[in-house]
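The sequence and structure come first.

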Amino acid sequence: ARLEHGALVLGAAQEPAASEETPLAVPGATALGSAGLVIEAALLPRRDLGVDPGSAGDHEAFFDWDAVRPPLTVRPRREGDRFRPFGLEGTKTLKELLIDEKVAFSFRPLVPVLCDAEGIVWVVGLRRAAKAPVTENTRTVLALRAHRQEASPGARKGTAH
């Protein structure tokens, strides 16, 4: 047992194994086994979005598809990762973001990082980058939603995932 940012964490002292870089299916769903998440990606005409892109929750993000540089991949954090968070001036290290958001040290390797060919686009569940905001000039929106992966049919009830 150990205390991390005011939370009691029970478990082995070792860090979980980080997953490899995974291509993001656009459109489609991409399972991130080590993080226990699925990211669903859709391409929608701006007029069909139906929500204010600025009102996205922690597990949603909207981007101007024409401003994103494929291929899109999801990977674990890397030493020295830096990005420009949406709504902030300048850049911030991913390490600083995880500390500011009080993400427990043992969970940091599990935070998925979505990247395009030029860098970090979204720290899934925490913060999107300033890159590719949806504007009135956006034609196609990349709509992303992350959610917990459902247990496999053979999994026992009551088992932690």
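## Terms and model

A residue is called buried under 20% relative accessible area, exposed over 50%, and partly exposed in between. At 42% relative accessibility, Glu21 therefore counts as partly exposed. The model is predicted.

## Overall fold

The protein chain contains one helix and 13 strands. In sequence order the elements run β-β-β-β-β-β-β-β-β-α-β-β-β-β.

Of the 161 residues, 37% count as buried. The chain exposes about 9,600 Å², and carbon and sulfur atoms supply 51% of that area. Among contacts between residues at least 6 apart in sequence, 68% join residues at least 24 apart.

## The four-stranded sheet

Four strands form an open sheet in the order β4-β5-β13-β6, with antiparallel pairing. Its edge strands are β4 (28–32) and β6 (60–64), each of which pairs on one side only. From one strand to the next, the twist averages 20 degrees.

Strand β6 is joined to β13 (residues 140–148) by five bridges, and the two run antiparallel. Glu60 stands opposite Arg145 in β13.

## Phe62

Strand β6 also holds Phe62. Is Phe62 buried or exposed? Its relative accessible area is 8%, so Phe62 is buried.

Beyond its neighbours within four places in sequence, Phe62 is in contact with several residues, among them Leu49, Val51, Pro53, Val134, Val141 and Leu142.

## Salt bridges

How many salt bridges does a search of the whole structure find? The search finds eight. One of them pairs Glu21 with Arg78, with the closest N and O atoms 2.8 Å apart. Glu21 is in the loop between β2 (7–9) and β3 (22–23), while Arg78 is in the loop between β7 (73–75) and β8 (82–83), 57 residues apart. Arg78 is partly exposed at 46% relative accessibility.

Arg139 and Asp66 also form a salt bridge, again with a closest N to O distance of 2.8 Å. Arg139 lies in the loop between β12 (127–128) and β13 and Asp66 in the loop between β6 and β7, so this pair ties together parts 73 residues apart in sequence. Arg139 is exposed at 61%, whereas Asp66 is partly exposed at 36%.

A further salt bridge joins the side chains of Glu118 and Lys131 at 2.5 Å, N to O.

Definitions and conventions: Residues are numbered from 1 along each chain as its sequence is written. This is a predicted model: local features need pLDDT of at least 70, side-chain atom pairs count only at pLDDT 80 or more; totals for chains, interfaces and linings use all residues. Side-chain values use heavy atoms; hydrogens and water are left out. Buried means under 20% relative accessible area, exposed over 50%, partly exposed in between (1.4 Å probe, protein chains only). Contact means heavy atoms within 4.5 Å. Accessible areas come from the Shrake-Rupley method with a 1.4 Å probe; for residues, only the protein chains shown count as cover. Two strands pair if DSSP finds at least two bridges between them. Axes are lines fitted to C-alpha atoms, for helices over the stretch in contact, and angles run from 0 to 180 degrees between N-to-C directions. A salt bridge is a side-chain nitrogen of Lys or Arg within 4 Å of a carboxyl oxygen of Asp or Glu.
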